[in-house]
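Colleague: I have a model open and would like to learn how to read its features. Please take them in turn, starting with the sheet.

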Amino acid sequence: MIRTVTVSDVGRVRSVNEDCTFVQQLEPGYTLAVVADGMGGHQAGDIASRLAVDTITQDLGALPAGLPAEACGEQLKKAVLHANEVVFRKGMEHTEYHNMGTTVVAAILADCEGMIAHIGDSRVYHYRQGELSQLTDDHSLVNELLKNKQISKEEADVHPHRNVVTRALGTDEKVEVDMIPLTMETGDILLLCSDGLSNCVTPEQMVLTLESGDMSLDERADHLLQLALHAGGDDNISVALLEQHEDAASGVKEWNS
């Protein structure tokens, strides 16, 4: 069974929270988590992230029971591509939403197997027995510079354009979705987050928080949020945690935007 929690905060600088998060254990036995970080003027980012999450969750809300992870991943990819169409069309139809878009990371799990869909620079981390792995690869200008060895890791951390993404949902008619398979073991934690967390909280801090046996899953999510706020909170901050647990109680739907 999987325990879930999600938290989201506007941060200390922004006036609007353009992140949208969703976690739910779907009736056929799947667990779905989505984090979207919107972008665009006149609060269009708020519209883009909400539309993306709405579309993905509605499309996946009636999956038949018993699908293997690969089939779940195919349905997740279709839902994300549909969300791209919806956000792009909305931007084309309304001048105030022109060029709006959003990042998205989404995970669907069936028991211990799952798939992740990813566009942009929101991230998914996998925690297992004291080790943290970043499963997604940022679609960002800074990451491209880093991979091409044009800047160092230290320069990347403070680069003035580190929030510039090279791929987003809804900005173009077509988009490529990264799909990543996932296996969860008892005690594993999946962390989905917007860059408001990953830009402010180090992997070491994430590990120290996630491995803490003194805190509940809710408290660990809130602690991560507080760490980002304490580090400046200059962007919206969103966190979703999914913990594989042998006898977890049935999850409760949570929705933040």
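Modeller: The open sheet has five strands in the order S1-S11-S10-S7-S8, paired antiparallel. Strands are DSSP E runs of at least two residues, helices are H or I runs of at least four, and both are numbered from the N terminus. Two strands pair if DSSP finds at least two bridges between them. Strand S1 (2–9) and strand S8 (131–134) are the edge strands, each pairing on one side only. From one strand to the next the twist averages 15°; angles run from 0 to 180 degrees between N-to-C directions, with axes as lines fitted to C-alpha atoms, for helices over the stretch in contact. This is a predicted model, where local features need pLDDT of at least 70, side-chain atom pairs count only at pLDDT 80 or more, and totals for chains, interfaces and linings use all residues. Residues are numbered from 1 along each chain as its sequence is written, and side-chain values use heavy atoms, leaving out hydrogens and water.

Colleague: Over how many bridges do strands S10 and S11 pair?

Modeller: Strand S10 (residues 189–193) and strand S11 (residues 237–244) pair over five bridges, in the antiparallel sense. Leu-190 stands opposite Leu-242 in S11.

Colleague: Which strands does helix H7 lie across?

Modeller: Contact means heavy atoms within 4.5 Å. Helix H7 (residues 217–230) lies across S1, S10 and S11, at about 150° to S11.

Colleague: How many disulfides does a search of the whole structure find?

Modeller: A disulfide is a covalent bond between the sulfur atoms of two cysteines. The criterion is a pair of cysteine sulfur atoms within 2.5 Å, and the search finds zero. The sulfur of Cys-72 is 13 Å from its closest cysteine sulfur, in Cys-112, which is too far for a bond. For Cys-193 the closest is in Cys-200, at 11 Å, also too far.

Colleague: How many salt bridges are there by the rule?

Modeller: Side chains of opposite charge can pair when their charged atoms come close. The rule asks for a side-chain nitrogen of Lys or Arg within 4 Å of a carboxyl oxygen of Asp or Glu, and the count comes to 10. In one of them, Asp-188 meets Arg-128 at 2.7 Å, N to O. Asp-188 lies in the loop between strand S9 (178–183) and S10, and Arg-128 in strand S7, so the pair ties together parts 60 residues apart in sequence.

Colleague: Is Asp-188 buried or exposed?

Modeller: Buried means under 20% relative accessible area, exposed over 50%, partly exposed in between (1.4 Å probe, protein chains only). Asp-188 is buried at 1%, whereas Arg-128 is partly exposed at 26%.
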